[in-house]
Amino acid sequence: MLDKDTQDLRTAIAALESQRAMLGDSVLELATAPLRARLAALLRPAGLKHRLVTVLFADVVGSTALATGLDAEDTLALLSAALRRMAAIVEAHQGRVLRFTGDGVKAAFGMDETREDDAERAVRAGLAILQAGREQAGAAARLHGITDFAVRVGVHSGDVALGEGVEDDNTAMGAAVNIAARMEQHAPPGGLRISHDTWSQVRGLFELEAQPMLQVKGIEAPMQTYLVRAALERGAASVERGLQGLATPMVGRDAELQRLLQTVERARQTRQLQALTLVGDAGLGKSRLLRELMAALQDCRLLILRSQPDSQLRPWGLLRSLLALQCGVADTDSAEVARRKVVDGLSPWFEERGEFAKRQAQLIGQLSGLDFADSPTVKGLDPRTLRDQALMALPAYLQALAAQGSSLPVLIVEDLHWADDSSLDLLQHLLAHAAELRLALVMTARQPLLVRRPDWVKPDTADAAVTAVALMTLSPLPTDQCNELMQ
């Protein structure tokens, strides 16, 4: 019953998220907040437990001084708006607000269920809080003449004791909480400081700047910390595992690497789409194989997309990521700027230029969640017709992309088991148009993908080496090779 309730809640949240363009961010946050709260309650652990979480502290800098320049009502309104915005951002990134601190929030990621990307989501939430703070600073300057409004954020990952306590089921105690608070206190106004423990989980995804060693109260040795400047562009971002500066050889995966390379080569020779899905449990080396593959494809045009654990709540997420990668759409862009970038970025690729190309770009953009509802192209279309027309336009765009120059496009999609159903439908639509596309498509996933989509591809057969759409299962390494890897 619990599993059904959680699935129903996730489905309801996903349905509302699909209407973001029509409802707007504010309405959507209000509509999904009680659903997210109920989902979090169902997933909460019972009793006192220890868990590895990522803790985030955020506050308004100099709130006491701020209050001296405003009357009590204006101060309350300004701080309340800032706290509501912080809380909404934390919840949107699947974190939980543990308590409000008067002029800030204490939050944690991984309280209800541990995810691989808890640290990443916390850092992204921190950057979004800073962006919201900059927007609120502009409003404070216009409305009240306040010129020094700023927000700062600190993040640390570590073990905490959590469960029922003085803060009810929001209790999280331990050194990790104290260190996160110190990260925030030592962050500059408008800045985000993270600990080395968080850095080790997010390096490769953000632009990070190492800081001088920091002496933290209660910690004997000075700590290495970092300021997070920005998230890297999706195409350039890839989480780095293992020890920094230590290159380990790939062991026991030569046959699998050759299979990946053969898939790309067949796409080059046949000038038709060749797809391979690499399936295996966490830790078996899927990411390492992709790194080796990408290093070997210096003469190809790589398009790299990656699903996240919360991607199933975001319909057409892979399409949005592709548009962000190809059209330069940033998370901080306004809706108007994002729409213009998509039209300008896609239109030149269609064989028939002018208004036809603009209409095709608008269809694709609308499907991805951008609001082109005022466009004559989109106005009046029912959802099914819109979907069908946009899915016809997308292969035409990819076909034009592949036709430019001699470099073969290679689309790499990581962690497909987390993708939303619409994105899986999109990929299967591309597979159905294999004869039209000069493209190599390499995907990685865990076994849950095949549970959700048992018809994803047929299992390996004797002639799998020449099958356009194939699946390769990654098995654990033999004991002797595991020992070699650990030496």
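## Packing around helix α14 in a predicted model

In α14, the residues Arg387, Leu391, Met392, Leu394, Pro395 and Leu398 meet Asp425, Leu426, His429 and Leu430 of α15; contact means heavy atoms within 4.5 Å. By class, this contact of α14 with α15 has 7 nonpolar, 1 polar and 2 charged residues. Ala, Val, Leu, Ile, Met, Phe, Trp, Tyr, Cys and Pro count as nonpolar, Asp, Glu, Lys and Arg as charged, and the others, Gly among them, as polar.

The structure is a predicted model, in which local features need pLDDT of at least 70 and side-chain atom pairs count only at pLDDT 80 or more, while totals for chains, interfaces and linings use all residues. Residues are numbered from 1 along each chain as its sequence is written, and side-chain values use heavy atoms, with hydrogens and water left out.

The protein has 17 helices and 13 strands. Helices (H or I, at least four residues) and strands (E, at least two) are DSSP runs, numbered from the N terminus. Of the 487 residues in the protein, 48% are buried; buried means under 20% relative accessible area, exposed over 50%, and partly exposed in between (1.4 Å probe, protein chains only). Among contacts with a separation of 6 or more, 73% are between residues 24 or more positions apart.

Two packed helices are described by the angle between their axes and the distance between the axes. Here axes are lines fitted to C-alpha atoms, for helices over the stretch in contact, and angles run from 0 to 180 degrees between N-to-C directions. Helix α14 (residues 383–403) and helix α15 (residues 421–432) pack at about 55°, with their axes 11 Å apart. That angle makes α14 oblique to α15, since angles under 35 degrees count as roughly parallel, over 145 as roughly antiparallel, 65 to 115 as roughly perpendicular and the rest as oblique. The crossing of α14 past α15 is right-handed; a crossing is left-handed if the near helix is turned anticlockwise from the far one by less than a right angle, and right-handed if clockwise.

Helix α14 also packs with α13: the axes of α13 and α14 come within 8 Å and cross at roughly 120°. This makes α13 oblique to α14, and α13 passes α14 in a left-handed crossing. Gln360, Leu363, Ile364, Gln366 and Leu367 are the α13 side of the contact, and Leu386, Arg387, Gln389, Ala390, Leu391, Ala393 and Leu394 are the α14 side. The contact of α13 with α14 has 8 nonpolar, 3 polar and 1 charged residues by class.

The loop between α13 (355–368) and α14 holds Leu381. Leaving out residues up to four places away in sequence, Leu381 touches Leu363, Leu386 and Gln389. Ala373 lies in the loop between α13 and α14. Beyond its neighbours within four places in sequence, Ala373 is in contact with Gln366, Val378 and Lys379.

Arg271, in the loop between α9 (254–270) and β9 (274–279), has a positive phi of about 60° although it is not a glycine. Trp316, in the loop between β10 (301–306) and α11 (317–327), has a positive phi near 60°. Most residues other than glycine have a negative phi.

| Residue | Relative accessibility | Class |
|---|---|---|
| Leu381 | 27% | partly exposed |
| Ala373 | 34% | partly exposed |
| Arg271 | 52% | exposed |
| Trp316 | 10% | buried |
| Cys300 | 11% | buried |
| Cys327 | 12% | buried |

With a disulfide taken as a pair of cysteine sulfur atoms within 2.5 Å, the count comes to 0 disulfides.
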